[in-house]
Amino acid sequence: MYSFSDKLKNLNGTATREILKLTARPDMISFAGGMPAAECLPCDTIAEIASEILSGKNAASVLQYGQTEGRPELNAELVGYLSSAGITADVENIQVVSGGQQGLDLLCKAFINKGDVILVENPTYLAFLQIAKTYEARAIGVDTTADGLDLNDLEIKLKKHRPKLLYVVPTFSNPTGKTYTRENRESIIALCKTYGTVIIEDDPYGRLRYGGELVPTMKQLDKSGETVVYVTSFSKTVAPGLRIALCCGAAEIIRKVSIGKQGVDVQNPALCQMVIAEYLKRGYFEKTLEKNIAVYRARRDAFLAALDKYMPKDVKYNRPEGGLFIWAELPEYMDSAEILPEALEKSVAYIQGNEFFADGSGRNTLRLNFSNSNEARIEAGVKILSELFATKIKERNNG
Ligand SMILES: Cc1ncc(COP(=O)(O)O)c(C=O)c1O
């Protein structure tokens, strides 16, 4: 028996981790993970860039230690990358991090003491709930409306808890695929400014838009530049294995994030940083993204068409304009976690929705990923799931 820290002793692997292990089976049609399609990973381009870097005159420097903030070549590209997305930032506002995940962790490390409250959307990104637990924070869910966060509920909770942080995924959210309106974003920023709460805007999916109108990021709408810290990643748009992402915020916050990172891993691997820097510089980013968007749009459309065709009408689902997920609601009396083993037996995987709720509610919900299966498997998997849910509904109606 080991005596583990208070931080980790109550932290168990989520049910999702266990499901993701099963989805490695080749016969499994997985709507569970949030992975980019293997076909969308730019293997040849990355190989070409990496080999040029390693045989070039600066090869030794990418095998050497470097500064924690990020490789200067990458930081310069990131300033341009953010600016093309309407975000004004200097190098001092940017910290390169090892995946958005590390950015979220380091921001909690910078702000959170044991027992602090963090407000989150109900439901939210489940790994963020895990991070909050690691820092012994209390994550409290804020209700939602069709527009985004429920502003009344947000204000009540800001007043009551005076939280240091609000964490949101306002564009093509994981898990719901939903996007907050511009007005909702502006109101959230105004409220958080009033109560001195910093907003973490987590935006790994914003560039994966398949339709609808572009909505400005909260970072763009934060005129003071002090309220929103923006976290974005190249995991879903280039390759998650490179682990390149960034935090962009007030210089004072970014300095703390850098100090936090120094003690964790000193720096991101310089080779990966240089690969992304060159990938951006040579214009591969926009070109490849456009091709990948066409793949994901077709998969989303196939998924929605299959849902429309097969799913019983008592099951509700949304029609996201981007990202990688569709969110579904079964009738109130159903429990997606209870049904999941039967779905897995039929070789279809999804993620039970309650894992994404800070209070463990949402038992009748589920998250469906559409990026990682081709159209034929999507149709087959949705049909199997629909028949399973229809059987459950029928059993209930019959008695
Ligand atoms: C909302 C959200 N934030 C952050 C991440 C972390 O991604 P990465 O660490 O690969 O950048 C993910 C990954 O799925 C995500 O869905």
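How many salt bridges does a search of the whole structure find? The search finds 21, where a salt bridge is a side-chain nitrogen of Lys or Arg within 4 Å of a carboxyl oxygen of Asp or Glu. The model is predicted, so local features need pLDDT of at least 70 and side-chain atom pairs count only at pLDDT 80 or more, while totals for chains, interfaces and linings use all residues. Residues are numbered from 1 along each chain as its sequence is written, and side-chain values use heavy atoms, with hydrogens and water left out.

**Salt bridges**

Select glutamate 201 and arginine 185, which form a salt bridge with their closest N and O atoms 3.9 Å apart. The pair links distant parts of the chain, 16 residues apart: glutamate 201 is in strand E8 (residues 198-202) and arginine 185 in helix H9 (residues 182-195). Helices (H or I, at least four residues) and strands (E, at least two) are DSSP runs, numbered from the N terminus. Glutamate 201 counts as buried at 0% relative accessibility, and arginine 185 also has 0% and counts as buried. Here buried means under 20% relative accessible area, exposed over 50%, and partly exposed in between, with a 1.4 Å probe and protein chains only.

Next, select glutamate 321 and arginine 209, a salt bridge whose closest N and O atoms are 3.3 Å apart. Glutamate 321 is in the loop between E11 and E12, and arginine 209 is in the loop between E8 and helix H10 (218-221), 112 residues apart. Glutamate 321 is partly exposed at 36% relative accessibility, whereas arginine 209 is buried at 14%.

Then select glutamate 342 and lysine 392, whose side chains meet in a salt bridge of 2.7 Å, N to O. Glutamate 342 lies in helix H14 (residues 336-345) and lysine 392 in helix H15 (residues 375-397), so the pair ties together parts that are 50 residues apart in sequence. Glutamate 342 counts as partly exposed, at 32% relative accessibility.

To see a network of salt bridges, select Glu48, Glu52, Glu278 and Arg282 together.

**An open sheet**

Colour strands E11, E12, E15 and E14, which in that order make an open sheet of 4 strands with antiparallel pairing. Strands E11 (316-317) and E14 (351-352) stand at the edges with a single partner strand each, so one side of each is left without a neighbour in the sheet. Two strands pair if DSSP finds at least two bridges between them. Strand E12 (residues 325-329) and strand E15 (residues 365-369) run antiparallel and are joined by 5 bridges.

**The largest pocket**

Which residues are the closest to the centre of the largest pocket? The pocket has a volume of about 890 Å³. Of its 36 lining residues, Arg17, Gln101, Tyr125, Ala127 and Lys236 are the closest to the centre. Helix H2 (15-22), helix H6 (99-111), H7 and strand E9 (228-233) each give two or more residues to the lining, and H6 gives the most, with 4 residues.

A pocket is found on a 1 Å grid over the protein atoms alone: it is an open set of points where a 1.4 Å probe fits, with protein on both sides within 12 Å along at least five of seven lines, and lining residues have an atom within 4 Å of a point. Grid points are joined across faces, edges and corners, and the volume is the space filled by probe spheres set on the points.

In helix H7 (residues 126-134), select leucine 126, which is buried with a relative accessible area of 12%.

**Backbone details**

Select asparagine 122 and proline 123, whose peptide bond is cis, with omega near 5°. Proline 123 is in the loop between strand E3 (117-121) and H7. Another cis peptide bond joins asparagine 174 and proline 175, with omega about 25°. Proline 175 is in the loop between strand E7 (165-168) and H9.

Phenylalanine 172 is also in the loop between E7 and H9. This residue has a positive phi of about 50° although it is not a glycine, and it counts as buried at 0% relative accessibility.

**Cysteines**

Finally, select the cysteines: the structure holds 0 disulfides, a disulfide being a pair of cysteine sulfur atoms within 2.5 Å. For cysteine 43, the nearest cysteine sulfur is that of cysteine 40, 11 Å away. Cysteine 43 is exposed at 54% relative accessibility, whereas cysteine 272 is buried at 15%.
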